[in-house]
Amino acid sequence: MLPFPRFATMVKEDMLNWNEDSEPSVCERNGMIPMHEKSEERPTGDTKSADGNIQTEETALLNHSAQQPPEPIPGSSTSTRTWRQTFSCPPQGLLALTVTNVALVALVWAVVWSITGTECLPGGNLFGIMFLYFFAVIGGKIFGLIKIRTLPPLPALLGMLLAGFLIRNIPFVSDIVQINLGWSRALRNISLSIILTRAGLGLDPKAGGYGVEKGVPTLLMAAGSIDDILAITGFNTCLGMAFSSGSTLYNVLRGVLEVAVGIAAGGILGMFVRYFPSHDQTSLSWKRSYLVLGLSMFAVFGSIHFGFPGSGGLCTLVLAFVAGVGWSDEKREVEKIVAVAWNIFQPFLFGLIGAEVSVTSLRPETVGLCVATLSIALVVRIIATFLMVCFAGFNFKEKVFVSLAWIPKATVQAAIGSLALDTARSHQDEQLEKYGMDVLTVAFLAILITAPAGALAIGLAGPRLLQKAQTNNKKDEEGAEAGEEAEACEPS
């Protein structure tokens, strides 16, 4: 017989080995063979960038290209485990997830049908909205699953946009999916108010300092928010002038008046939300989120009701910006809640925009003119951006990257692209509706072309044109290994 200490040691080793076998590592669960036996351990990344900002889609694309994981190698044990989970009783894994999601969707439809009756049957308004929403979500998920080696992932919004386009242009489906124009306009305006709220909260007067390397991601986020402000304000002003029947001078003065009203109203409402609710109240972030989103939607819809459509968007931006400055670092919790609201309404926005475009409206001359206009605008935009950053202390590669990063356009185009068509429909003028459809077609093609092209440009050019932040000495390396935030590098 073995001595007791030796026997205890063997039992302990067997227990440890059994635990290791019964609890697969992260690599094994993902179908990958662990590759770290002969490599040095590296500190894991955080969801925040080096300057403390939450990663955006642009910075996520950069990280995806710069830190690509090893190619998954399926193992026999992982495949066996997956099949066992799928066909086990009760089911688990993918089968259980599919059954659960289908049951949730069916339950939502059943509850709404039990309340509304025929409105939730094929041909009804609620049926069309729910059908479009769920298929837009599925389209986004499918595009999110498309992964090509060495290439960044495709934006999910493309799947949502194409889902709406297919629903509109498939004969049988288009007959049963009928959405009221008023509901469609309302859902798009709600999405617009959420986008503007995010843009206003994203503005940071402290932005522009050196973050990762020389602050390129910070610069892009701040400049993107300002670009949204100028685009939406300018579009609404020009839209009001285009559909106004007065003199040119009156239209210009009215546009200036709308801008002034929007700024003043936004400043007053922002100061209110800044101090109410007070810091001693519970559920502070939720109350602030409710107020800022509710006031933003009221500003967008109320401005249309009172005859100042150009004021609502600017009021929302100023409101969110003033409130966010007062909340300082506390606004991050509000941004997270607003991001959840955007994730809910994003399929509505892109699905409805896609459903507005029919194949018959895509005439060759219209598409050719739209593509030519879009190409000229992009060339001018890239050149102007490059010239603007020539005096910002960046090297040539960084200037090129910043210029390419301004290619993708999606959310703002989707939010305001249909406003001209909606306004034309309210005037009941066929010629104006034709012009509005042309504007919507330009927005549709802009999203369809620039979103994937911009994602590819950012994901592929980032690792080649930008330098990763590096620690300066051994002490910094030890701090990084301990999980501390790395200090910003000095400008070169």
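What share of the contacts in the protein chain with a separation of 6 or more is accounted for by residues 24 or more positions apart? The figure is 77%, where contact means heavy atoms within 4.5 Å.

Good morning, colleagues. The structure under discussion is a predicted model, in which local features need pLDDT of at least 70 and side-chain atom pairs count only at pLDDT 80 or more, while totals for chains, interfaces and linings use all residues. Residues are numbered from 1 along each chain as its sequence is written, and side-chain values use heavy atoms, with hydrogens and water left out.

I begin with the overall composition. The secondary structure of the protein chain comes to 20 helices and 0 strands; these are DSSP runs numbered from the N terminus, with helices (H or I) of at least four residues and strands (E) of at least two. Of the 492 residues in the chain, 37% are buried. Buried here means under 20% relative accessible area, exposed means over 50%, and partly exposed lies in between, with a 1.4 Å probe and protein chains only.

I turn now to the charged pairs. Side chains of opposite charge can pair when their charged atoms come close. The structure holds 10 salt bridges, a salt bridge being a side-chain nitrogen of Lys or Arg within 4 Å of a carboxyl oxygen of Asp or Glu.

One of them joins Arg-188 to Glu-356, with the closest N and O atoms 3.5 Å apart. Arg-188 belongs to helix 9 (residues 181-202) and Glu-356 to helix 14 (residues 331-356), so this pair ties together parts that are 168 residues apart in sequence. Arg-188 is buried, at a relative accessible area of 2%, and Glu-356 is buried as well, at 8%.

A further salt bridge links Asp-227 and Lys-409, whose closest N and O atoms are 3.0 Å apart. Asp-227 sits in helix 10 (residues 216-242), whereas Lys-409 sits in the loop between helix 16 (396-404) and helix 17 (411-416); the pair therefore ties together parts that are 182 residues apart in sequence. Asp-227 is buried, with a relative accessible area of 17%, and Lys-409 is buried with 15%.

Where do Lys-336 and Glu-333 lie? Both are in helix 14, 3 residues apart, about one turn of the helix. Lys-336 is partly exposed, at 44% relative accessible area, and Glu-333 is partly exposed at 41%. Elsewhere, salt bridges that share partners join Arg-188, Glu-356, Asp-422 and Arg-425 into one network.

The aromatic residues come next. There are 10 aromatic pairs in the structure. Rings of Phe, Tyr and Trp (its six-membered ring) pair if their centres lie within 6.5 Å; planes under 30 degrees apart count as stacked, over 60 as edge-to-face and the rest as tilted. Ring pairs connect Tyr-133, Phe-134, Phe-345 and Phe-348 in a cluster.

Let us consider one case of helix packing. Two packed helices are described by the angle between their axes and the distance between the axes. Helix 10 and helix 11 (residues 248-275) pack at about 145°, with axes 9 Å apart. The axes are lines fitted to C-alpha atoms, for helices over the stretch in contact, and angles run from 0 to 180 degrees between N-to-C directions. Helix 10 contributes Thr-233, Thr-237 and Met-241 to the contact, and helix 11 contributes Asn-251, Val-252, Gly-255 and Val-259.

Thr-441, in helix 19 (residues 430-465), is buried at 0% relative accessibility. Leaving aside neighbours within four places in sequence, Thr-441 is in contact with Leu-362, Thr-366 and Cys-370.

Val-177 occupies the loop between helix 8 (171-176) and helix 9, and is buried at 11% relative accessibility. With neighbours within four places in sequence again left aside, Val-177 is in contact with Gly-128, Phe-131 and Ile-167. The C-alpha atoms of Val-177 and Pro-122 are separated by 6.7 Å, although these residues are 55 apart along the chain.

Is Ser-375 buried or partly exposed? Ser-375, which lies in helix 15 (residues 364-388), counts as partly exposed at 37% relative accessibility. Ser-375 and Thr-450 are 75 residues apart in sequence and 9.9 Å apart in space, C-alpha to C-alpha.
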